[in-house]
Amino acid sequence: MTEPTVHDLSPTAQEFLSAVRAGLTSSPKTLPCKFLYDETGAILFEAICTLDSYYPTRTEQLILDRFSPEMARAIGPRARVVEPGAGSLTKVKTLLGAMEDPAEYVPIDIAMEQLDDAATNLAREFPGVLVKPVCADFTKPMDLPEKGDSVERTVVFYPGSTIGNFEPEAAIGFLERMRRLAGDDGHVLLGVDLAKDQETLRDAYDDPAGVTAAFNKNLLSHINRELGADFDVREFQHRVRFETDPNRVVLSLISKSDQTVRLDGEAIEFRAGEEVVTEYSHKPTIADFTKIAAAADLEVLQSWTDDNDWFSVHLLKSR
């Protein structure tokens, strides 16, 4: 087995600073959700995924466990799997295990430490698969490692319903990039969390144990650590609210008081009760998602759902 070497295309400190400054000087204030996933954030998110109240992870895994042989047959042999936002690489193991002679695996993630460890472990578990990890902001265009001669096709695997973090126009743009990565003879296989009752959503995104709140507030700690800001994390409260047009969950941090935070020598004012949006999580219907995919010139070949129709996994191909 060849130990995987991470291709480091991760955002620079200046890019991080520019994104944070732009968000905190906008109205309303925002912070990019991709920066939730530093080393601590990645650990906290894995903890969220184990909570009884957090249905997306276990529901999608049930779908993969049940239908991955069908997915693998549709993808075909000798495929290269590209996974943006790969995280702990848990779900892809189910897919790789069902595939016929998978050739390569390219996990892409912004959390370097987690990516390096997870890629090494996966390479040991699947010694016949060449693992080529890339540390990068997957929401931006990038050059992937060259694929080997044995690769017959590419499948872009995007589980977890992270597509829901994008505004609809941005989701279309991202799907277009995935379509180009897959190529005309490749596929896109992605998870989409579906519309459901607010009580279930609130339990998932505002858990009683406070793990999601800690995950959300760690974004401020990440900014303090990396950019030398002076956020008092205790002065911000995790909040979840719901919108219906479009249908989505909104995660934010609420300033508990009038306060001033310094970022790279700049004073940023917060009013008591002011909201800083940290994440959108859109919850479309299958019909809604099919329209978004079509706008990106992708055709839905097949869809799989759980018994409650809470979550869906879709196989897409260029139209």
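Which residue in S12 stands opposite Leu263? In this predicted model, the residue facing Leu263 is Glu266.

Strand S11 covers residues 259-263, and strand S12 covers residues 266-270. The two strands pair in the antiparallel sense. Their pairing runs over 5 bridges. Between the strands of this hairpin lie 2 residues. Asp264 takes a positive phi there, near 50°.

Gln259, Val261 and Leu263 form the covered face. Thr260 and Arg262 form the uncovered face.

**Two helix pairs**

Now turn to the helices. Two packed helices are described by the angle between their axes and the distance between the axes. Here are two such pairs.

| Helix pair | Angle between axes | Distance between axes |
|---|---|---|
| H3 (residues 55-75) and H4 (residues 90-98) | about 30° | 8 Å |
| H6 (residues 168-182) and H9 (residues 286-295) | roughly 60° | within 8 Å |

**H3 and H4**

How are H3 and H4 oriented to each other, roughly parallel or roughly antiparallel? Their axes pack at about 30°, and angles under 35 degrees count as roughly parallel. H3 and H4 are therefore roughly parallel to each other. H3 passes H4 in a right-handed crossing. On the H3 side, the contact residues include Thr57, Glu60, Leu64, Ser68 and Ile75. On the H4 side, the contact is made by Thr90, Lys91, Thr94, Leu95 and Ala98. By class, this contact has 7 nonpolar, 5 polar and 3 charged residues.

An α-helix has 3.6 residues a turn, so residues three or four places apart point the same way.

Which residues of H4 are buried? They are Lys91, Val92, Thr94, Leu95 and Leu96. Lys91, Thr94 and Leu95 are among the buried residues, and these three also take part in the contact with H3. The buried residues of H4 pack against H3 and helix H5 (112-125). They also pack against strands, including S3 (79-84), S4 (104-109), S7 (153-158) and S8 (187-193).

**H6 and H9**

The axes of H6 and H9 cross at roughly 60°. That makes H6 oblique to H9. H6 passes H9 in a right-handed crossing. Ala171, Ile172, Leu175 and Glu176 come from H6. They meet Phe289, Ile292, Ala293 and Ala295 in H9. By class, the contact has 7 nonpolar, no polar and 1 charged residues.

Technical notes. Residues numbered from 1 in each chain as written. Predicted model: local features only at pLDDT ≥ 70, side-chain atom pairs only at ≥ 80, totals over all residues. Heavy atoms only, no water. Axes fitted to C-alpha atoms, helices over the stretch in contact; angles between N-to-C directions. Helix = DSSP H or I, 4+ residues; strand = E, 2+ residues; numbered from the N terminus. Parallel < 35°, antiparallel > 145°, perpendicular 65-115°, else oblique. Left-handed = near helix turned anticlockwise from the far one by under 90°. Contact = heavy atoms within 4.5 Å. Nonpolar A, V, L, I, M, F, W, Y, C, P; charged D, E, K, R; others polar. Buried < 20%, exposed > 50% of the residue type's maximum accessible area, 1.4 Å probe, protein only. Pairing = 2+ DSSP bridges.
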